[in-house]
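Good morning, and thank you for joining. Please look at the sequence and the structure while I speak.

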Amino acid sequence: MSETAASHATDRRDLTAAQRNAVAELLRVSPVADELGRRFAAAGHELHLVGGSVRDALLGRLGEDLDFCTDAHPDQTLDIVRGWAEAIWETGREFGTIGCQRGGLRLEITTFRAESYDQVSRNPVVAYGTSLVEDLRRRDFTVNAMAVSVPEHRFTDPYGGLTDLAAKIVRTPGTPAESFGDDPLRMLRAARFAAQLRFAVHPDVRAAMTRMATDLDRITAERIRDEFTKLLCGADPISGLRLLVDTGLAERFLPELTGLKLEIDEHAQHKDVYEHTLTVVSNAVSYEEDGPDFILRMAALMHDVGKPATKAIGPDGRVSFHHHEVVGARLTKVRMKALRYPKDVTTKVTALVALHLRFYGYGRGEWTDSAVRRYVTDAGDLLPRLHKLTRSDCTTRNRRKAAQLAADYDALEERIARIAAEEDLARVRPDLDGNAIMELLGVPPGPVVGRAWKHLKDLRLERGPLDRDTAEAELLRWARDEGIRD
């Protein structure tokens with residue numbers, strides 16, 4: 001058998017396996033899907049399972065959210081599902097979508113569309129289409145431009161999506177320029193597919209992404225944020241991140257990532273910070289225990305973004321990045337705010353970036369128990385993630401150095417566990433509470449109590465637990481020094 005013939009035989013086997021997956025997945029949901037299809041047919045309309053639902057069925061990973069398209073308009077769809085659906089929502093009505101729930105499945109039914117963007121505004125212009133093939137052509141990629149009619153289960157694939165799915169290729173139904181011109185976010189979505197599904201991006205699509213990268217500026221921060229989050233939480237975020245940088249898309253919304261590609265000074269060679277960062281992200285993924293952790297991955301991605309601004313070359317020719325964690329935390333906060341991430345998520349990522357260097361120096365034996373307590377207290381509930389980020393940051397190729405760093409961190413974790421067992425570090429509090437402070441000092445609630453509480457907490461971190469008499473004596477000494485008591 002020739003190499004080409006063998007390749008085609010493999011493709012056919014892959015497609016057959018994909019089709020078997022689809023049949024099994026569709027049989028699982030068909031009682032609900034087919035019942036809905038019969039209701040549409042009785043009303044004189046067609047209904048098709050479409051897009052990501054068909055793709056995921058072919059991949060054997062169909063979830064509980066199903067997408068359908070129909071020639072029925074939203075009002076007609078509402079008439080058909082009323083009395084049958086257990087719940088109905090109309091939040092997507094302006095885009096032709098009616099949502100409903102039945103039998104534990106969430107169904108979204110959208111009128112055939114001929115959707116396009118006006119090339120200026122950030123929002124789609126929705127016009128109802130008249131045919132399934134027209135609707136499929138306006139979709140982002142061929143693997144999302146397949147449909148299965150219900151209840152007939154007739155497969156429609158006018159743009160070769162099944163072949164591209166078997167080949168794991170991201171390609172557009174029409175020309176990439178036409179697709180991205182309609183919705184520039186699709187360029188970011190192509191990179192997300194590379195990360196999420198481990199697909200390769202077709203060269204024509206990649207070229208259009210590079211050529212049209214500036215068009216991403218037309219898209220709202222919220223839409224970019226959502227796509228980027230999915231990309232970073234994909235099975236292979238590194239391939240997606242590389243694509244963003246190589247095509248220039250990252251420069252449009254995450255220029256700090258591109259900025260990590262520092263030129264290596266001929267007199268002060270150092271490892272490429274960009275490549276180091278991608279390795280840290282990959283390492284962080286390997287430490288995850290319960291699925292993708294966006295906060296950990298984002299902290300790994302941003303942990304060194306302060307380096308370009310702090311790069312310095314000393315008299316001895318050595319490169320340094322003093323306080324890059326402080327600058328990096330500030331840049332991370334600004335960037336995540338611009339992308340409209342929730343404040344609590346931004347706060348956690350920023351804190352991890354600020355803390356990621358704290359461990360270095362531990363191996364020199366300089367840390368007291370007080371320093372360990374502060375490390376744990378400052379990290380708070382981020383401590384497990386900080387452990388993973390710090391370990392991920394060790395990318396040296398020097399095996400002896402890597403082994404020493406790992407041993408040092410093992411020792412630190414063991415020391416934390418020992419002190420935690422003795423002192424309950426998770427709940428470090430002053431040895432006197434606010435009521436005791438007010439009673440002992442004879443002061444009402446107010447700033448003095450807060451300052452006294454902070455002093456006692458610092459003392460607790462420095463010296464460990466104090467007995468009641470010692471704590472009271474220390475509080476009175478502090479009050480005298482502050483002129484609060486004679």
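I shall begin with the chain as a whole and then turn to its cores and to one residue.

This is a predicted model, in which local features need pLDDT of at least 70 and side-chain atom pairs count only at pLDDT 80 or more, while totals for chains, interfaces and linings use all residues. Residues are numbered from 1 along each chain as its sequence is written, and side-chain values use heavy atoms, with hydrogens and water left out.

The chain contains 23 helices and 13 strands; these are DSSP runs, with helices (H or I) of at least four residues and strands (E) of at least two, numbered from the N terminus. Of its 486 residues, 48% count as buried, meaning under 20% relative accessible area with a 1.4 Å probe, protein chains only.

Which residues have the most contacts inside the largest nonpolar core? They are Phe 68, Phe 228, Leu 241 and Leu 244, in a core of 104 residues. Such a core is a set of buried Ala, Val, Leu, Ile, Met, Phe, Trp, Tyr and Cys residues joined through side-chain atoms within 4.5 Å. Helix α7, residues 185–197, gives the most to this core, with 9 residues. Apart from it lies another core, of 10 residues, including Leu 441 and Val 443.

Finally, consider Asp 135, in helix α4, residues 132–137. Is Asp 135 buried or exposed? Asp 135 counts as buried because its relative accessibility is 1%. Leaving aside residues up to four places away in sequence, Asp 135 touches Cys 69, Thr 111, Phe 112 and Arg 113, where contact means heavy atoms within 4.5 Å.

Technical notes
Buried means under 20% relative accessible area, exposed over 50%, partly exposed in between (1.4 Å probe, protein chains only).
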